[in-house]
Amino acid sequence: MQLNKLVEDQVFSPALIADELRTTRREIADTLGLGKDAFTRTSRIRARKSQVRLRQMLEILNRIEPEMDSPIAAYAWFRSARLPGFGGATPDLLVREGKGEHVRAYLDRVAAGGYA
């Protein structure tokens, strides 16, 4: 997934991301713990909270996509994989809680051959 193709007017575009993942903007907002109108109003799309969570999700998806063979499979992993060491929390839950960096650190450890 090329991040530059998911940017429109200098922000991550929920519509372009939803198209890439073959889902809806509403479903992505729900996954990221954002309100139902988070991706319908321009001001909410440009909000720091929305953009940070989109960026963290996309960074994680890009890290895991080579192992999953597709962006859609990576998104399914993001929503359902129970991560050891985080009490079985899923990556999407950790991003919602503001712990996206913890998921990235976990992926770094695994890539380096360490234990989760």
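This is a predicted model: local features need pLDDT of at least 70, side-chain atom pairs count only at pLDDT 80 or more; totals for chains, interfaces and linings use all residues.
Student: How is the packing of two helices described?

Tutor: By the angle between their axes and the distance between the axes.

Student: What makes α1 roughly parallel to α4?

Tutor: The axes of α1 (residues 14–21) and α4 (residues 48–68) cross at roughly 30°. Angles under 35 degrees count as roughly parallel. That makes α1 roughly parallel to α4. The two axes come within 12 Å, and the crossing is left-handed.

Student: Which residues make the contact?

Tutor: From α1, they are Pro-14, Ile-17 and Leu-21. From α4, they are Leu-54, Met-57, Leu-58 and Leu-61.

Student: How do you know that the buried residues of α1 line one face of the helix?

Tutor: Start with the list: Pro-14, Ile-17, Ala-18 and Leu-21 are buried. Seen down the axis of α1, the buried residues fall within an arc of 100°, so they line one face. An α-helix has 3.6 residues a turn, so residues three or four places apart point the same way.

Student: What do the buried residues of α1 pack against?

Tutor: They pack against β2 (11–12), α2 (25–31), α3 (42–45), α4 and α5 (71–80).

Student: At what angle do α4 and α5 cross?

Tutor: Their axes cross at roughly 115° and come within 8 Å. The crossing is right-handed.

Student: Which residues of α4 and α5 make that contact?

Tutor: On α4, Met-57, Ile-60, Leu-61, Ile-64, Glu-65 and Met-68. On α5, Pro-71, Ala-73, Ala-74, Tyr-75, Trp-77 and Phe-78. The residues of this contact divide into 11 nonpolar, no polar and 1 charged. Glu counts as charged, and Glu-65 is in the α4 list.

Student: Why is Arg-22 called exposed?

Tutor: Its relative accessible area is 70%. Exposed means over 50%. Arg-22 is therefore exposed.

Student: Where is Asp-69, and what is its phi near?

Tutor: Asp-69 is in the loop between α4 and α5. Its phi is near 75°, a positive value in a residue other than glycine.

Student: What makes Asp-69 exposed?

Tutor: Asp-69 has 69% relative accessibility. The cut-off for exposed is over 50%. Asp-69 therefore counts as exposed.

Student: Why is Val-52 called partly exposed?

Tutor: Val-52 is in helix α4. Its relative accessibility is 21%. Buried means under 20%, exposed over 50%, and partly exposed in between. Val-52 therefore counts as partly exposed.

Student: Why does Ala-47 count as partly exposed?

Tutor: Ala-47 is in the loop between α3 and α4. At 26% relative accessibility, it counts as partly exposed. From C-alpha to C-alpha, Ala-47 and Val-11 are 9.7 Å apart in space, and they are 36 residues apart in sequence.

Technical notes. Residues are numbered from 1 along each chain as its sequence is written. Side-chain values use heavy atoms; hydrogens and water are left out. Axes are lines fitted to C-alpha atoms, for helices over the stretch in contact, and angles run from 0 to 180 degrees between N-to-C directions. Helices (H or I, at least four residues) and strands (E, at least two) are DSSP runs, numbered from the N terminus. Angles under 35 degrees count as roughly parallel, over 145 as roughly antiparallel, 65 to 115 as roughly perpendicular and the rest as oblique. A crossing is left-handed if the near helix is turned anticlockwise from the far one by less than a right angle, and right-handed if clockwise. Contact means heavy atoms within 4.5 Å. Buried means under 20% relative accessible area, exposed over 50%, partly exposed in between (1.4 Å probe, protein chains only). The arc is that of the directions from the helix axis to the C-beta atoms.
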